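I opened my notebook for a new structure today. Here is what I looked up, entry by entry.

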Amino acid sequence: MNSTVDMNQSSTPFCLLGVGYPHVFDTCILEMAIILFLTILIISGNLVVIFVFHCAPLLNHHTTSSFIKTMTYADLLVGVSCLIPCLSLLHYLEGLDEELTCKVFGYMVSVLKSVSMASLACVSVDRYIAITRPLSYATLVTPCRLRVCITLIWLYSSLIFLPSFFGMGKPGYHGDIIRWCAESWRTKPPFTSFIVALLYAPATSTVCFTYCNIFRICQQHTREISERRARFGPQEGATGEGQACTDKRYAMVLFRITSVFYILWLPYIIYFLLESADIYQNPVVSFLTTWLAISNSFCNCLIYSLSNSAFRKGLKRLCSFCLHRVESKKPPGIHEGTAGPRATCHV
């Protein structure tokens, strides 16, 4: 009798959106479409960002570009790892051990999103140092220290979720696409508190503190420059005003990325706390909040492309280069009547 039940469960497709609903196959198709759509967006979007960084040297002038690239590579790996639930829904992972697959996937996504969160916190600290200590910034933020910081981000993120392999609890709901992950692996309040205390709370506090002070200092500089111009004339302090505006604009770009990150992750964190405390449990809410948070991996590159003029120039340069390569592969007859090939890969 038990074997018959197990065979029926294994033959029935498992979907979080289909729990408690009669039309399981319809919800499974919807679930797979959502995951596949996000996977394509995340991979393609972050690949574009990586190529643009290679085509736009101006983007590498800021030390924050190292953290942005780290976050981009982490988001790209999130998109690649999202192929696992896609393959699971298509029943391509039936021969693998569900418990091991679930734990490895949950650990991978948790580490990668932790890298993104820690990178955003480091970006805010970097901008805070650049604005509060502009004269000593070059000696404080060196390439060697930058590489050490990025290495520590990856190491710290890898270690903080490692206890999930030793029965401490589930680090998140990313692997709940797999039946064992959703039904047998539970979150535990001690491990949840451990993650919040060592990751979510410090990163959020750092971001709030640094950006509040950054915008306060920028407003103070703008006010002082306006008073100086009113007293001594428009030529006085023109350079300082331009630098202050540049710092404020770049800080706003990074603040938008950080704000969207926490807005998309806030429902997930709230549900994570409620579910760990056995206050509220709902598989549909778990699925929606988890993949809303994962969608941030695409939103980062979208916001950066819309907000940063140097990035847009790099994107135009990449598109021009691609068009030039396509035109160069056309038959010679198509180019007749033209003045000759143009170097369209430069903007």
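**Entry 1: a threonine to start with**

I am working from a predicted model. Is T39 buried or exposed? T39 has a relative accessible area of 2%, so I wrote it down as buried, the cut-off being under 20%. I then asked which residues T39 touches beyond its neighbours within four places in sequence. My list reads G79, C82, L83 and C86.

**Entry 2: the whole protein**

Next I stepped back to see the overall picture. I counted 13 helices and 0 strands in the protein. The protein has 347 residues, and 44% of them count as buried. I also looked at contacts between residues at least 6 apart in sequence. Of these, 77% join residues at least 24 apart.

*α3 with α5.* The axes of α3 and α5 come within 9 Å and cross at roughly 165°. That angle is over 145, which makes α3 roughly antiparallel to α5. I noted a left-handed crossing for α3 and α5. Their contact holds 13 nonpolar, 5 polar and 4 charged residues.

*α3 with α7.* Here the axes come within 11 Å, with a crossing angle of roughly 30°. Angles under 35 degrees count as roughly parallel, so α3 and α7 get that label. I noted this crossing of α3 and α7 as right-handed. Which residues meet here? From α3 I listed S66, F67, T70, A74 and L77, and from α7 I listed L146, C149, I150, I153 and W154. By class, the contact of α3 with α7 has 8 nonpolar and 2 polar residues, with no charged ones.

*α5 with α7.* Helix α5 spans residues 98–132 and helix α7 spans residues 143–160. Their axes come within 8 Å and cross at roughly 140°. That makes α5 oblique to α7. The crossing of α5 and α7 is right-handed. On the α5 side I wrote down Y107, V111, L112, S114, V115, A118, S119 and C122. These meet C149, I153, W154, S157 and S158 in α7. The contact of α5 with α7 divides into 9 nonpolar, 4 polar and no charged residues.

**Entry 3: salt bridges**

How many salt bridges does the whole structure have? My search found 3.

*K113 with D75.* The closest N and O atoms of this salt bridge are 3.3 Å apart. K113 sits in helix α5 and D75 in helix α3, residues 64–81, so the pair ties together parts that are 38 residues apart in sequence. I checked burial as well. K113 is at 3% relative accessibility and therefore counts as buried. D75, with a relative accessible area of 1%, is buried too.

*K103 with E99.* This salt bridge also has its closest N and O atoms 3.3 Å apart. Both K103 and E99 belong to helix α5, and because they are 4 residues apart, about one helical turn separates them. Are K103 and E99 buried or partly exposed? K103 counts as buried at 14% relative accessibility, whereas E99 counts as partly exposed at 34%.

*R127 with D126.* Here the closest N and O atoms are 3.0 Å apart. I marked R127 as buried, and D126 as buried too.

**Entry 4: a loop residue**

To finish, I left the helices and looked up N282. Where does N282 lie? I found N282 in the loop between α10 (238–276) and α11 (283–294). Its relative accessible area is 24%, so N282 is partly exposed. I also looked up how far N282 is from Y271, which is 11 residues away along the chain. Their C-alpha atoms are separated by 9.2 Å.

Notes: Residues are numbered from 1 along each chain as its sequence is written. This is a predicted model: local features need pLDDT of at least 70, side-chain atom pairs count only at pLDDT 80 or more; totals for chains, interfaces and linings use all residues. Side-chain values use heavy atoms; hydrogens and water are left out. Axes are lines fitted to C-alpha atoms, for helices over the stretch in contact, and angles run from 0 to 180 degrees between N-to-C directions. Helices (H or I, at least four residues) and strands (E, at least two) are DSSP runs, numbered from the N terminus. Angles under 35 degrees count as roughly parallel, over 145 as roughly antiparallel, 65 to 115 as roughly perpendicular and the rest as oblique. A crossing is left-handed if the near helix is turned anticlockwise from the far one by less than a right angle, and right-handed if clockwise. Contact means heavy atoms within 4.5 Å. Ala, Val, Leu, Ile, Met, Phe, Trp, Tyr, Cys and Pro count as nonpolar, Asp, Glu, Lys and Arg as charged, and the others, Gly among them, as polar. A salt bridge is a side-chain nitrogen of Lys or Arg within 4 Å of a carboxyl oxygen of Asp or Glu. Buried means under 20% relative accessible area, exposed over 50%, partly exposed in between (1.4 Å probe, protein chains only).
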